[in-house]
Amino acid sequence: MDEFEAIADPVRRALIERLARGPARVVDLAADHPISRPAISRHLRVLGEAGMTTVVDQGRERHYELAPGALAPVRAWLDAVDSEVANSEVAGSEVVEPRFDDRHLDALDLEVRRTVRERGQPEADAESLDSAPTLTDSIKRHEETG
């Protein structure tokens, strides 16, 4: 399991926050949550498999600690995303051309209207379709109106 899957669960995120303040036993961690100690142990095992926690045996007790640099991959990813956002904000001052110009949208509007009209009049004949505005009419209208 990777770091991102490990921090996906809110209980595990809370455990990480608690362990950031210092080592703790399962009993201490379970006291902070409305779930059982075995459930906390399973969450700690997931964090351990992701390399985010370590276990230190002190006599009969096991103390869990946040591993040094455990969140480094997450931090690196966030920094990369932040850098992309900052770069796009700088580039955001440039004018962005729309993917479709008015001609395309007019043609789509025309086709939608034609389809609606045909479905509304199942016995539409060829004459009524021939008299409908065409794509060429739409383009000419666009050129005239700007």
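Q: Which residues of helix 2 are buried?
A: This is a predicted model, in which local features need pLDDT of at least 70 and side-chain atom pairs count only at pLDDT 80 or more, while totals for chains, interfaces and linings use all residues. Residues are numbered from 1 along each chain as its sequence is written, and side-chain values use heavy atoms, with hydrogens and water left out. Helices (H or I, at least four residues) and strands (E, at least two) are DSSP runs numbered from the N terminus, and buried means under 20% relative accessible area, exposed over 50% and partly exposed in between, with a 1.4 Å probe and protein chains only. By these terms, the buried residues of helix 2 are Arg12, Leu15, Ile16, Arg18 and Leu19.

Q: Within what arc do the buried residues of helix 2 fall?
A: The arc is that of the directions from the helix axis to the C-beta atoms. Seen down the axis of helix 2, the buried residues line one face of the helix, because they fall within an arc of 165 degrees.

Q: Which exposed residues does the face of helix 2 turned away from its buried side carry?
A: The buried residues of helix 2 have a cover that includes helix 1 (3-6), helix 3, helix 4 (37-49), strand 1 (53-58) and strand 2. On the face turned away from that buried side, the exposed residues are Pro10, Glu17 and Ala20.

Q: How far from Arg12 is the nearest side chain of opposite charge?
A: Side chains of opposite charge can pair when their charged atoms come close. A salt bridge is a side-chain nitrogen of Lys or Arg within 4 Å of a carboxyl oxygen of Asp or Glu; in assigning charge, Lys and Arg count as positive and Asp and Glu as negative, while His and the chain ends are not counted. Arg12, which is found in helix 2, is buried yet has no salt bridge, and the nearest side chain of opposite charge, Asp9, lies at 4.5 Å.

Q: With which residues is Arg12 in contact, leaving aside its neighbours within four places in sequence?
A: Contact means heavy atoms within 4.5 Å. With those sequence neighbours left aside, Arg12 is in contact with Glu5, Ala6, His43, Val46 and Leu47.

Q: How many residues apart are Arg25 and Glu61?
A: The side chains of Arg25 and Glu61 meet in a salt bridge at 3.0 Å, N to O. This pair links distant parts of the chain, with Arg25 in the loop between helix 2 (10-20) and helix 3 (26-31) and Glu61 in strand 2 (residues 61-66), and the separation is 36 residues.

Q: Which residues are linked with Arg25 in a network of salt bridges?
A: Arg25 counts as partly exposed, because its relative accessibility is 25%, and Glu61 also counts as partly exposed, at 34%. The structure holds five salt bridges, and the residues linked with Arg25 in a network are Asp28 and Glu61.

Q: How far apart are the closest N and O atoms of Arg113 and Asp109?
A: Arg113 and Asp109 both lie in helix 6 (residues 102-120), four residues apart, which is about one turn of the helix. Arg113 is exposed, with a relative accessible area of 53%, whereas Asp109 is partly exposed at 34%. The two form a salt bridge in which the closest N and O atoms are separated by 2.9 Å.

Q: Which element of the protein chain has the lowest mean pLDDT?
A: The predictor's confidence in each residue is given by pLDDT, from 0 to 100, and the protein chain averages 81, with 73% of the residues scoring at least 70. Among its elements, helix 2 has the highest mean, 96, and the lowest, 51, belongs to helix 7 (residues 126-130).
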